[in-house]
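Please look at the sequence and the 3D view before reading on.

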Amino acid sequence: MVRIISLLVFLVTFSTKVNAQNKAFTAGEKLIYTASYNMSGVLTEIAQINMETSEVKTSKATLLKLKLTAATYSKWDSFFKIRDLYESYVNPSNITPYLHNRDVNEGSYYKNMKYTFSNSTNTVKSVMKKKNDYVENNNIKINSGTKDIISSLYYLRVLDYKNMAEGSKKYFTILFDNEEVKGVVTFLRKETINTGIGKKECYKLAVGSSETNVLQGTNSNFIWLTADENKIIVYGKFKIPVGTGELKIKSASGLKN
Amino acid sequence: MKKLFTILALIASFIAILFSVLPISNLAIFPGLAALIFGGFAFYLSKKTGEVKKILHFAFLLTIMALLLTSYKAFFTKTQVENIEVLEAKEIQFEEEAIEELEELDIEEIEIEAEEINDIQVETIENAPAEIKSKNITVDELENLDLGN
């Protein structure tokens with residue numbers, strides 16, 4: 001039984017690798033979202049989340065920069081100010097990360113994590129900075145295919161859902177806070193929903209984690225990707241202790257297809 | 001019973017007014033409705049005994065103020081992001097630092113891309129013979145073929 005499961009996991013991982021060519025996004029894409037708190041249908045808008053892609057040229061290669069910023073709306077700033085920045089520099093065709101930066105600035109809390117991936121040796125050089133000039137350097141051994149959180153998020157858009165059976169799962173390994181976290185995405189079904197950019201046919205996915213509290217549970221967090229070539233995230237629903245957290249798209253520009 | 005409903009209405013109206021001035025003003029609708037329900041019961045019971053206390057009027061007043069403020073904020077306040085200059089400056093700084101680090105990366109790592117693309121191309125070519133087999137070629141088509149000399 002264990003062998004069969006291992007084989008299935010291997011096949012899923014293998015097929016993901018072969019199909020993993022990015023046809024969904026390119027440089028110049030900008031997606032704007034609103035993160036809200038929903039309690040019994042009453043929405044409270046908390047922050048704006050921007051997801052942008054751009055081209056970064058080095059003397060050796062042209063990479064794709066994936067950037068996510070989260071900023072609380074001004075009405076929240078005097079209570080709890082969030083100014084987070086996540087960025088990843090990836091291979092444009094297979095979304096393999098080379099460098100990841102996470103700068104978390106939430107209220108009085110500050111943390112910066114930088115990962116430099118060495119994909120040939122499967123290691124990551126990690127630098128963690130906190131308040132009061134605290135610096136921690138680490139060298140982490142990772143599994144092949146491990147990605148940071150931003151490239152994993154964009155990688156969801158690379159997967160081929162057209163030929164995926166309902167209920168099929170894809171497994172990911174995400175490097176988060178210097179630890180590898182196993183993530184699982186389940187393709188649930190196709191759904192048509194109303195979004196900020198119109199009525200869209202979407203792929204409904206359940207996202208979860210087998211470990212830690214990054215994403216709790218397996219079927220309490222959902223995301224909807226448009227069922228077209230762009231596969232943009234248009235809606236997200238996340239379970240929180242009281243009520244639900246929601247991510248709604250406001251606008252999308254610079255789409256590849 | 002009348003006293004209990006009056007106290008509950010008063011507490012709910014205080015919570016409603018507190019929520020209405022906070023960024024979570026939309027949620028003031030819940031204690032606001034609770035205050036109206038409790039206040040309504042208290043008012044009904046008070047009417048029965050013929051004495052409506054002023055504190056109950058005060059609870060209603062607070063609730064109405066809270067609901068009006070909540071409605072105003074919901075319809076007329078624009079949600080927008082401000083003061084992101086620091087974040088924007090950081091983005092530029094991080095990108096400059098990142099490019100410096102990326103320059104030091106081993107170029108071999110980027111060549112992985114070519115290998116993966118080749119894998120995908122091989123898969124497409126493998127399908128080709130099957131398609132050729134299924135093609136119907138007529139004798140006329142073969143005779144008209146241009147074979148050079």
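## Residue B:I29

In this predicted model, B:I29 belongs to helix α2 of chain B, which covers residues 29-49. Is B:I29 buried or exposed? B:I29 counts as buried because 20 C-beta neighbours lie inside 10 Å, and 20 is the number from which a residue is called buried.

Residues up to four places away in sequence aside, B:I29 touches A:V42 and B:T70. One of these contacts is in chain A and the other in chain B. B:I92 comes 63 residues from B:I29 along the chain, and the C-alpha atoms of these two residues are separated by 43 Å.

## Chain B as a whole

Chain B contains six helices and zero strands. Its pattern along the sequence reads α-α-α-α-α-α. The chain has 149 residues, of which 22% are buried.

Contacts in chain B can also be sorted by distance along the sequence. Of those between residues at least 6 apart, 69% join residues at least 24 apart.

## Helix α2 of chain B

How does the length of α2(B) agree with the span that its residues should give? The helix has 21 residues, and at 1.5 Å a residue these should span 30 Å. The C-alpha atoms at its ends are 30 Å apart, so the two values agree. After the helix comes B:G50, with a positive phi near 85°.

The buried residues of α2(B) are B:I29, B:P31, B:G32, B:A35, B:L36, B:F38, B:G39, B:A42 and B:F43. An α-helix has 3.6 residues a turn, so residues three or four places apart point the same way. Which elements do the buried residues of α2(B) pack against? They pack against α1 (2-21) and α3 (54-76) of chain B, together with β2 (42-57) of chain A.

## Helices α1 and α3 of chain B

The axes of α1(B) and α3(B) come within 8 Å and cross at roughly 25°. Angles under 35 degrees count as roughly parallel, and α1(B) and α3(B) are therefore roughly parallel to each other. Their crossing is left-handed. On the α1(B) side, the residues that meet α3(B) include B:T6, B:L10, B:F14 and B:I17. On the α3(B) side, the residues that meet α1(B) include B:L56, B:L62, B:M65 and B:L69. By class, this contact of α1(B) with α3(B) has twelve nonpolar and five polar residues, and no charged residues.

Helix α3(B) has 23 residues. From its first C-alpha to its last it reaches 33 Å, close to the 33 Å expected at 1.5 Å a residue. In α3(B), the buried residues are B:A59, B:L62, B:T63, B:A66, B:L67 and B:T70. These pack against α1 and α2 of chain B.

## Where the two chains touch

How many residues does each chain give to the contact? Chain A gives 37 residues and chain B gives 33 residues. On the side of chain A that touches chain B, at least two residues each come from β2, β3 (62-72), α2 (74-77), β4 (83-90) and β5 (97-106) of chain A. The largest share of that side, six residues, comes from β2(A). By class, the side of chain A that touches chain B has 15 nonpolar, 15 polar and seven charged residues.

## Two loop residues in chain A

Most residues other than glycine have a negative phi. A:N178 is not a glycine, yet its phi is positive, about 65°. A:N178 sits in the loop between β9 (169-176) and β10 (179-195) of chain A. With 13 C-beta neighbours inside 10 Å, A:N178 counts as partly exposed.

A:K231 also has a positive phi, near 45°, and is a residue other than glycine. A:K231 is in the loop between β12 (221-226) and β13 (233-239) of chain A. Is A:K231 buried or exposed? A:K231 is buried, because 23 other C-beta atoms lie within 10 Å.

## Residue A:V185

Strand β10 of chain A holds A:V185. A:V185 counts as buried, with 20 C-beta neighbours inside 10 Å. Neighbours within four places in sequence aside, A:V185 is in contact with A:L156, A:K169, A:K170, A:F172, A:L205 and A:V207.

A:N221 is 36 residues from A:V185 along the chain, and their C-alpha atoms are separated by 9.9 Å.

Notes: Residues numbered from 1 in each chain as written. Chains lettered and ligands numbered in written order. Predicted model: local features only at pLDDT ≥ 70, side-chain atom pairs only at ≥ 80, totals over all residues. Helix = DSSP H or I, 4+ residues; strand = E, 2+ residues; numbered from the N terminus. Buried ≥ 20, exposed ≤ 12 C-beta atoms within 10 Å, placed from the backbone. Contact = placed C-beta atoms within 7 Å. Expected span 1.5 Å × (residues − 1). Nonpolar A, V, L, I, M, F, W, Y, C, P; charged D, E, K, R; others polar. Axes fitted to C-alpha atoms, helices over the stretch in contact; angles between N-to-C directions. Parallel < 35°, antiparallel > 145°, perpendicular 65-115°, else oblique. Left-handed = near helix turned anticlockwise from the far one by under 90°.
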